[in-house]
Every structure is written in structure tokens, then in C-alpha cells.
Amino acid sequence: MPLPVPTAPRRRFHTRRIEVEGFLREDGLYDLEASLTDVKDVDYPIASGMRPAGVPVHLMRVRVTFDAAFNIVEAVACSDEVPYPGNCDTIGPRYARLVGLNLVRGFRRTVNEMFGETLGCSHMTEMLQSLPTAAIQTVATFSRDTDDSAGKPPQLDRCHALDTAGEAVRRYYPKWYRGQDETA
């Protein structure tokens, strides 16, 4: 169901896009390439000068390479468009410190600890928060979502629809359903 029609006339001034693409490499590793873009629909005066409408205020990119266990083995980041050239665009190399982190075990919390506030770029750090679920979706492409040969499928109990006490799990993952037995 789409959003309801806005109740008042309005005019867009800002667009933020976060895009993440997942790749399987020929060497068996995976890459995630993410970008964050902020664009104004009007000329935007900032301390470093006028940013014309349609020209990105921010364009940040990151690539992480990870293994089948979701361990990051390589990371690179860059800032192609920034509001403060010569300053914002110098932080990219710091994100190589992502190497060694696991995308599905404490990643978001650790990223905030490592790069929060002045330790990193707030936009880059925000973009990184999208990587865990994108990594799972990338790897999931190559397996059945109902495969429970290694135990409970990892997506169960991770969102309201896949609560193991809920209807979707009763219907699609009956082995893992823990709701009330209606026949008792």
C-alpha cells in the first residue's frame, strides 16, 4: 500500500539516496558497494560557497569485501562531493579499520563506537548502517530461505513478520513455530 496523498501542497528541496549493491566475486568473496548522495533542488549557500541546484552536496562511497562468515577482509571509502573540500574528503582512509569486523555480529554498534562524532564522517557512518542487511540479502541469493540444515534460519525472530510466535512462521516455517497450539 503506498503512502497516503499529502494533505497540503508542498515543494521538494532535498533528496538523499543510499544505494547498496551486492556482488559475488570470482574468488568466492563478496563485495558490497554503497553510496550516499545528498542533492538540493535549489541553489544552496554554504560556508565554502554556493552549491548549485542539482549538484551533490555529498557523494560518499564505500566498498567492503567479506567472506562467507561475513568477516570484512578489505574496506575502502572515498568522498567524491563534499561541502568542505580538503577537509571532509580526507577521512576515507580511516574506514580501512572496518577490516576484521563482522557484518552480522555487533557491526552497527562497533561502527558507531569507532566512527561516531568527530572520529569519522557522520554521512559515511550512517551509510554503513545499511550494510549488514544488504550483506545478508546478497548471500541469501544463493540459498533457500527455508533451509534449516544448520539450525534455525537466521531471519526468524529478526522482524515482526518473522516472529516465531506469528502467523508467517506458522505457515512458512512450521518446524520453528512456537505459538499456541489451536487444537489443544
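Strands, here, are DSSP runs of at least two residues, numbered from the N terminus along with the helices. In this predicted model, Phe70 falls in the loop that links strand E5 (56-66) to E6. Phe70 has a phi near 70°, a positive value in a residue other than glycine. With a relative accessible area of 14%, Phe70 is buried, since the limit for that class is under 20%.

A second residue of this kind is worth a look beside it. Asp157 also has a positive phi, near 65°, and is a residue other than glycine. Asp157 sits in the loop between H3 and helix H4 (167-172). Its relative accessible area of 36% makes Asp157 partly exposed. The chain as a whole is divided into domain 1, residues 14-141, and domain 2, residues 146-179. Between the C-alpha centres of the two domains the distance is 31 Å.

We turn next to the strands. Strand E1 (residues 14-24) runs antiparallel to E2, and 11 bridges join the pair. Leu24 has Tyr30 of E2 as its bridge partner. In this hairpin, 5 residues separate the strands, and Gly28 takes a positive phi near 90°. E2 also pairs with E5, again in the antiparallel sense, over 10 bridges. On that side, Tyr30 stands opposite Phe66 in E5. E2 is mostly covered, with 10 of its 11 residues buried.

Within E2 (residues 30-40) lies Asp38. Its relative accessibility is 3%, so Asp38 counts as buried. The side chain of Asp38 makes a polar contact of 3.1 Å with that of His14. Another polar contact, of 2.7 Å, joins the side chains of Asp38 and Arg16. Apart from neighbours within four places in sequence, the residues in contact with Asp38 are His14, Thr15, Arg16, Pro56, Val57, His58 and His123.

An α-helix has 3.6 residues a turn, so residues three or four places apart point the same way. Just after H1, Glu117 takes a positive phi of about 55°.

For Leu98, leaving aside neighbours within four places in sequence, the contacts are Val64, Ile72, Ala75, Phe107, Val111, Phe115 and Leu128.

Terms used. Residues are numbered from 1 along each chain as its sequence is written. This is a predicted model: local features need pLDDT of at least 70, side-chain atom pairs count only at pLDDT 80 or more; totals for chains, interfaces and linings use all residues. Side-chain values use heavy atoms; hydrogens and water are left out. Helices (H or I, at least four residues) and strands (E, at least two) are DSSP runs, numbered from the N terminus. Buried means under 20% relative accessible area, exposed over 50%, partly exposed in between (1.4 Å probe, protein chains only). A polar contact is a pair of N or O atoms within 3.5 Å; within protein, one must be able to donate a hydrogen and the other to accept it, and residues adjacent in sequence count only if both atoms are side-chain atoms. Contact means heavy atoms within 4.5 Å. Domain bounds come from an automatic or database domain assignment. Two strands pair if DSSP finds at least two bridges between them.
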